[in-house]
Amino acid sequence: MMKTLKLLLFSWISMFSFCAVGQTEVNIKGKVMDLQHRPIPGVIVNNGINFTITDQKGAYHLLTDTAKCRYVRITVPSNCHVPVNELNLIEFYKPIEKQNLSTSYDFILKKREQATGKFTYLVFSDPQPKDDFHFVRFFTETVPDVKKFLSTIKGEVYGFVEGDIVSDALHLYPLYTSAVASWNIPMMHVIGNHDFDKRYAEAGRTLDKTKGYGEQTYEAFFGPTDYSLNIGDIHVICMKDIEYLGDKKYYTRLTAEQLEWLKKDLSYVKTGTTVFLNVHAPIFNIANSKQVLDVLKDYNVHIFSGHTHFHKNEILAENIYEHNVGAVCGFHWQGNASRCGTPNGFMSVEVDGNNVQWHFKSTGHDLDYQFKVYRPGEFDSQPEYVVANVWDWDNSYKVRWYEDGVLKGDMEQFSDIDQDFLDSGRVKVYRTDHLFRVKPSVTAKKIKVEVINRFGETYVKMVNL
């Protein structure tokens with residue numbers, strides 16, 4: 001009798017343990033179809049941990065731990081249009097329903113009539129309104145400027161916001177999303193450190209998510225924080241590189257789990273493909289940048305980041321170029337420039353197949369406004385010099401000067417605090433190295449500054465002395 005009771009008890013405990021595991025680990029399913037409900041095979045599907053691919057019937061099954069996975073998401077293939085909702089926010093995901101495990105997570109995509117290799121990719125870093133005054137500036141300065149710029153572009157355009165969509169003011173999300181919806185382009189986002197609910201740690205550090213977690217409000221508007229899609233020949237990846245501890249404390253890095261996700265995502269991408277990686281904090285500055293670069297080493301990569309309120313280009317490897325993009329808000333909407341003197345604005349990236357070119361677009365200026373010149377006496381620390389701030393500079397640029405029509409050679413590069421930033425009234429000071437100077441002769445009447453970028457485009461400004 002005692003032996004029988006022990007056996008029953010063991011069986012009950014085993015069954016309980018199996019059920020406890022089974023409650024969180026399930027096999028979810030779904031289909032990916034076109035508008036005529038025809039299957040789309042070969043579409044990559046993931047739940048944030050595990051990946052699979054749709055079969056010839058457009059169907060997939062995905063082992064999912066519902067305690068860890070909140071969304072099922074697809075990598076939109078390049079032969080389909082990027083789906084959007086009524087606010088032009090991209091729709092690539094569906095929340096996992098823990099209470100209805102029989103749900104079929106189906107996606108409907110519009111097939112392209114023909115492939116596209118050409119598109120424009122607008123990169124917005126740190127809009128970051130904190131209050132109504134900030135939002136009014138965003139709404140009256142940035143929003144109409146982007147609309148005007150869009151009217152000059154032919155072909156498909158996509159918008160990417162590199163985090164800090166707001167500045168801890170999550171109640172501004174509805175105003176923000178309605179404002180950018182007016183651009184009428186698909187909008188994609190990554191999460192910044194100011195987009196977390198500061199009352200909570202991030203989901204990966206929260207055991208009981210029913211009480212709230214850091215990304216919850218962000219996800220309600222923009223969906224999961226790690227995802228990918230394909231546009232033309234470009235594989236686009238968007239990732240969270242802020243590990244949030246709560247109360248505005250965080251690390252800048254990708255977690256071990258995210259690195260595994262990135263490896264799995266890229267395992268479906270042919271080596272040598274051009275990859276756009278979108279993050280908030282610059283990869284050149286995060287704690288485990290070497291590990292990230294090692295995962296990316298077999299691809300031609302452009303990294304787009306924000307966070308610093310600085311415009312800085314870093315060539316991290318022969319095949320990896322990082323654009324740390326100057327902020328939409330400059331330095332928190334005080335003045336009209338980021339820390340380095342780059343004007344408030346955004347980046348326009350022109351893509352044609354695997355050919356990628358870019359230009360920083362300053363708010364309120366035409367696209368040919370690529371540098372600023374200070375006359376002698378206008379730059380406090382350089383009173384005798386003509387100074388040029390060339391914000392999109394990298395080491396392929398040529399910055400030359402002419403005195404009264406005679407070429408004198410290259411301007412001298414130096415590091416200093418930009419005058420526009422000083423004039424904005426900020427107390428903290430930051431030095432930039434995309435400054436150039438020359439001291440004219442006492443008889444000089446006219447100085448010409450000539451900037452030639454990596455694409456062979458020439459920009460000229462004249463200074464009368």
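The largest nonpolar core of this predicted model has 59 residues, and those with the most contacts inside it are Phe138 and Trp183. A nonpolar core is a set of buried Ala, Val, Leu, Ile, Met, Phe, Trp, Tyr and Cys residues joined through side-chain atoms within 4.5 Å; buried means under 20% relative accessible area with a 1.4 Å probe, protein chains only. Helix 2 (residues 132-150) gives this core its largest share, six residues. Helices here are DSSP runs of H or I with at least four residues, strands are runs of E with at least two, and both are numbered from the N terminus.

Let's look at Phe138. Beyond its neighbours within four places in sequence, its contacts (heavy atoms within 4.5 Å) include Tyr176, Trp183 and Trp333.

| Core | Residues in core | Some members |
|---|---|---|
| Largest | 59 residues | Phe138, Trp183 |
| Second, separate | 47 residues | Val76, Val123, Trp358, Phe360 |

Three strands form an open sheet in the order 4-1-7, with mixed pairing; two strands pair if DSSP finds at least two bridges between them. Strand 4 (59-65) and strand 7 (107-109) are the edges, each pairing on one side only. Strand 1 (residues 25-34) runs parallel to strand 7, joined by three bridges, and Val32 stands opposite Phe107 in strand 7.

How confident is the predictor? The protein chain averages a pLDDT (confidence in each residue, from 0 to 100) of 94, and 95% of the residues score at least 70. Over residues 1-22 the pLDDT is below 50. Where pLDDT is low, the predicted coordinates should not be read in detail.

Residues are numbered from 1 along each chain as its sequence is written, and side-chain values use heavy atoms, leaving out hydrogens and water. In this predicted model, local features need pLDDT of at least 70 and side-chain atom pairs count only at pLDDT 80 or more, while totals for chains, interfaces and linings use all residues.

Note on methods:
pLDDT = per-residue confidence, 0-100. Buried < 20%, exposed > 50% of the residue type's maximum accessible area, 1.4 Å probe, protein only.
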